Amino acid sequence: MSTIQTSAIITKASPYREHDKLLTLLTLNRGKIVALCKKSRHTLNRWNSSFEPPLLCHVQLYEKNQYYTITEIDVEEPYLTLGRSYQNLLAVQSMAHIVDHFTMPEMEQNALFYILQSTLYTLEKKECSAFFATYYFALQFLKESGFTLQFKTCAACNTTFSEKWFSFSLQQNQLLCHQCTLQNHIYPRFERSLLTQLETLYYSSLNEINQNADFLFNYSEIDRIMKELYKGFLSKECLTIHHLSSFL
Ligand SMILES: [Zn+2]
């Protein structure tokens, strides 16, 4: 049995047994863990809080056979106002979904912790657009996971992007130019103006984002290409796991 103290962001809270909750936490140093929070479903609990996501806190846990139980929580940032806007709630849910589904448990992900923390901060304090926050986090997550994108030249023929279309090739896991898109019969296709928007989002620094920032991005098109990128990311992940298992 060991005691751990760490900063954590609650990304999911599920009811457990009659009075308890299971909290999914993205922590510093330990990555994602699920911890039991006893009696937290009581109205008058000793925690004096409901611990719903997102919430930045300092936690003390004890671990026994990889089961974690929370013994202390200090709320550092409750992000209270995020719950007042439906759009912001959806943005938070989408970020939590990525952490929940696409990260391995107990794998240190400190960079991801800071990206999530600063995206939540920018969404709440700088009141940036909820769409911006959603896609910024989704794209930075890919980047952080080693899924890098090349914006200057086509991955197949190495020429700079020009003409009308470009696409994302699931075979090469990279962006392809107009000619290569047509030659390889790749769908869906995207207009080149989207490439600049995607690149801006990819290289944005949240420190430079102004109050109430929004960009004139076409978010429905960004959503469309993001689906392709995640398909590529997942197929790459499956490949890695497959390759690993052939070694074992
Ligand atoms: Zn090309």
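At what angle do α1 and α2 pack, and how far apart are their axes? The two helices pack at an angle of about 175°, with axes 11 Å apart; axes are lines fitted to C-alpha atoms, for helices over the stretch in contact, and angles run from 0 to 180 degrees between N-to-C directions. The structure is a predicted model, in which local features need pLDDT of at least 70 and side-chain atom pairs count only at pLDDT 80 or more, while totals for chains, interfaces and linings use all residues. Residues are numbered from 1 along each chain as its sequence is written. Helices (H or I, at least four residues) and strands (E, at least two) are DSSP runs, numbered from the N terminus.

**Helices α1 and α2**

- The packing angle makes α1 roughly antiparallel to α2; angles under 35 degrees count as roughly parallel, over 145 as roughly antiparallel, 65 to 115 as roughly perpendicular and the rest as oblique.
- On the α1 side, N88, A91, M95 and V99 meet L116, T119 and L123 of α2; two residues are in contact if their C-beta atoms, placed from the backbone, lie within 7 Å.
- Helix α2 covers residues 110–125, and its 16 residues should span 22 Å at 1.5 Å a residue, which agrees with end C-alpha atoms 22 Å apart; the expected span is 1.5 Å times one less than the number of residues.
- The buried residues of α2 are L112, F113, L116, T119, L120, T122, L123 and E124. A residue is buried if 20 or more other C-beta atoms lie within 10 Å of its own, exposed if 12 or fewer, and partly exposed in between, with C-beta atoms placed from the backbone.
- These buried residues pack against β1 (2–16), β2 (20–27), α1 (86–102) and α3.
- Just after α2, E127 takes a positive phi of about 50°.

- Helix α3 is mostly covered, with 12 of its 15 residues buried; among them are F132, Y135, F137 and L142.
- The 15 residues of α3 should span 21 Å at 1.5 Å a residue, and the end C-alpha atoms are 21 Å apart, which agrees.
- G146 follows α3 and has a positive phi, near 90°.
- The largest nonpolar core has 51 residues, and L25 and L116 have the most contacts inside it. A nonpolar core is a set of buried Ala, Val, Leu, Ile, Met, Phe, Trp, Tyr and Cys residues joined through C-beta atoms within 7 Å.
- The element that gives the most to this core is α3, with 10 residues.

**Strand pairing**

- Strand β1 pairs with β2 in the antiparallel sense over eight bridges, and S14 stands opposite L22 in β2. Two strands pair if DSSP finds at least two bridges between them.
- The hairpin formed by β1 and β2 has three residues between the strands, and R17 in the turn has a positive phi of about 50°.
- Strand β1 also pairs with β4 (residues 55–64), antiparallel, over nine bridges; V59 in β4 is the bridge partner of T6.
- A three-stranded open sheet has the order β7-β6-β8, with antiparallel pairing; β7 (174–176) and β8 (190–191) are its edge strands, each pairing on one side only.

**The loop residue A155**

- A155 lies in the loop between α3 (130–144) and β6, and counts as partly exposed because it has 16 C-beta neighbours inside 10 Å.
- Not counting residues up to four places away in sequence, A155 touches Q150, Q172, Q174, L175 and L176.
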